[in-house]
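Let's take a walk through this structure together, one region at a time. Have the sequence and the model open side by side as you read.

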Amino acid sequence: ILSFLGCSKDSKISDFEGDVVVDFSITGIIDVENISEDVGLSNSANQREAVVNKKEQNENLSEYPKEVLLEKRDYPGQDFDAIVSLIEINQSQTKISNKIKIGATSNMGANIRYRVFIYRKSTGQFVGEINGISGSANTSSGQSIPFKISRNTEYTIIAFSWNNTTVPVITGSASSNPTIATSATNQELLYNKFDIQTNNNLSFHIPIVFKRQRASFQVEVDTKGLFAPIQTIGSSTVPTGYAQYGSLNLVTGIFNGFSNSNAGTTMSLTFNPAPSVATPLYSVVANQYFTMNTTVINNFSVNLGAIRLLLDNGTTRDYSGMTYIFSNPITLERGKIKRVRIQLVATAKTLTNTTPRIRWAKTNLYYSPNATEAQGGKYRMRNHNSNIYSTATSESVISNEYWNWNALLPGADVAKTNTGDPCAQVYPAGTWRLPTRAEFEDAFTPKSSIFYAGSTDPARYMY
């Protein structure tokens, strides 16, 4: 873990009380709140406690998926199908020791402002405060780091931050019922409270790990399965009440005073970055919305606005907005992100002359060697069901629509045959497949030939 030492630009030490010189490092951020408070740090063993086995921790981190699928629903449509998933993004490391020293699952960035309050545990007396800035250019506002406290004394440490460059402001004072309000929906709150015990050693190191205190949710719209980027997206909303704010009592750690973050019946989603005609995007994500609302939400819904796509021949296509609803109750949990992923994918045409009825792709499969994964990948469906693509002057472009049977690469090379199903590679992977011989014969019975007039394509006859 990367640690940012809380050092000042000079050697001055704040004499809060006593002669034990204390410094600390911001070790990182815990993604969930239910980690043990049993820190038990003492300066007789502070060097050992502060050491992190990076190799062991990295191995533990790799054992856990970043995304967990909670619910998935299919919305078939005339213009496109939608695959709507509810995903939990959570990197909590339950196998890692619950000691705060190695509980962090992500690093704090540079130049993040934070505050640290120090209290005598036995009396609750306020001893001193540190205002810090994370990073190599760490400075403090008003007090110096390190600072001095007494020997053989137990202290309570309270640390908090907005996880940005703004100094967190409290209501009340550090010595009398300090609270912090969480009104902004785009503002995270980091917090931790723990105890330390000094003895006769004159130096002491405190590793501080912050805990995320607000639940959050995001909405992602993905058109890679339509093989066309978004130029514009209309007003998109979620119901009011999904985002709530409240106040945290820094001493007790208790939240209260919950209120909706916005008036009215809906809350608008802001996509950042937003797509535009100049910069169309295949995937857009709404800002992360933080909330204190950890109650169960039934029928969690997202109202997606109308979208305009830029097609592969330079024209555009408009799609109407839709509302997507999850049937299972959802609980927004502190330190975890719930992401609604809406994947819009090419729909199929149901052939009524087949038994059983077959759902067939409306447009041709083609191979685009330069397309990236962020654009939907190399295996794609054309945006138009016509022969307009066969007028391309480049034979290599034309040949990318013609495939030998069960060939992973297009072209007439017989050696490519039976190398794999190219349809299964189309985004999202596993959505499509090659038809069977029986399905082919069923779909094209009675057999007839179709001539695409005006096409210069040598394969313009289809049987």
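Predicted model: local features only at pLDDT ≥ 70, side-chain atom pairs only at ≥ 80, totals over all residues.

## A walk through the strands

Leucine 310 stands opposite threonine 316 in strand 26.

Now step back to see the whole chain. Its secondary structure amounts to four helices and 35 strands. Of the 463 residues in the protein chain, 48% are buried. If you take the contacts between residues at least 6 apart in sequence, 70% of them join residues at least 24 apart. The accessible surface of the chain is about 22100 Å², and carbon and sulfur atoms account for 50% of that area.

Next, look at a hairpin. Strand 5 (residues 67–75) is joined to strand 6 (residues 81–89) by a hairpin that passes through five residues. The two strands pair in the antiparallel sense, with eight bridges between them. Glutamate 67 has isoleucine 89 of strand 6 as its bridge partner. Keep both glutamate 67 and strand 6 in mind, as we will meet them again.

Which residues touch the most other members of the largest nonpolar core? They are Phe300, Tyr324, Val340 and Ile342, in a core of 37 residues. The elements that contribute two or more residues to this core are strand 6, strand 15 (215–225), strand 16, strand 24 (301–304), strand 25 and strand 29 (337–345). Strand 15 gives the most, with four residues. A second, separate core has 25 residues, including Val20, Ile29, Ala159 and Ile208.

The structure holds 16 salt bridges, and one of them joins the side chains of arginine 339 and glutamate 220, at 3.3 Å from N to O. This pair connects distant parts of the chain, since arginine 339 lies in strand 29 and glutamate 220 in strand 15, 119 residues apart. Are these two partners buried or exposed? Arginine 339 has a relative accessible area of 14% and is therefore buried, and glutamate 220 is buried as well, at 7%. Both values fall under the 20% cut-off for a buried residue. The pair is also part of a network, in which salt bridges that share partners join Glu67, Glu220, Arg339 and Arg341. Here is glutamate 67 again, the bridge partner of isoleucine 89.

Aspartate 81 is in strand 6 and arginine 359 in strand 31 (residues 358–361), so the pair links parts of the chain 278 residues apart. Aspartate 81 counts as buried because its relative accessibility is 13%, whereas arginine 359 is partly exposed at 48%.

A further salt bridge brings together the side chains of lysine 121 and aspartate 195, at 3.0 Å from N to O. Lysine 121 sits in the loop between strand 7 (113–120) and strand 8 (126–133), while aspartate 195 is in strand 13 (residues 190–197), 74 residues apart. Both partners are partly exposed: lysine 121 has a relative accessible area of 40%, and aspartate 195 one of 24%.

Finish with strand 12 (residues 176–181). A hairpin through two residues joins strand 11 to strand 12, and these antiparallel strands share two bridges. Threonine 171 has threonine 179 as its bridge partner in strand 12. Strand 12 also runs antiparallel to strand 18 (residues 244–249), with three bridges between them; there, isoleucine 180 is partnered by leucine 248.

Terms used:
Residues numbered from 1 in each chain as written. Heavy atoms only, no water. Pairing = 2+ DSSP bridges. Buried < 20%, exposed > 50% of the residue type's maximum accessible area, 1.4 Å probe, protein only. Contact = heavy atoms within 4.5 Å. Areas by Shrake-Rupley, 256 points an atom, 1.4 Å probe, with all protein chains shown as cover. Core = buried A, V, L, I, M, F, W, Y, C linked by side-chain atoms within 4.5 Å. Salt bridge = Lys/Arg side-chain N within 4 Å of Asp/Glu carboxyl O.
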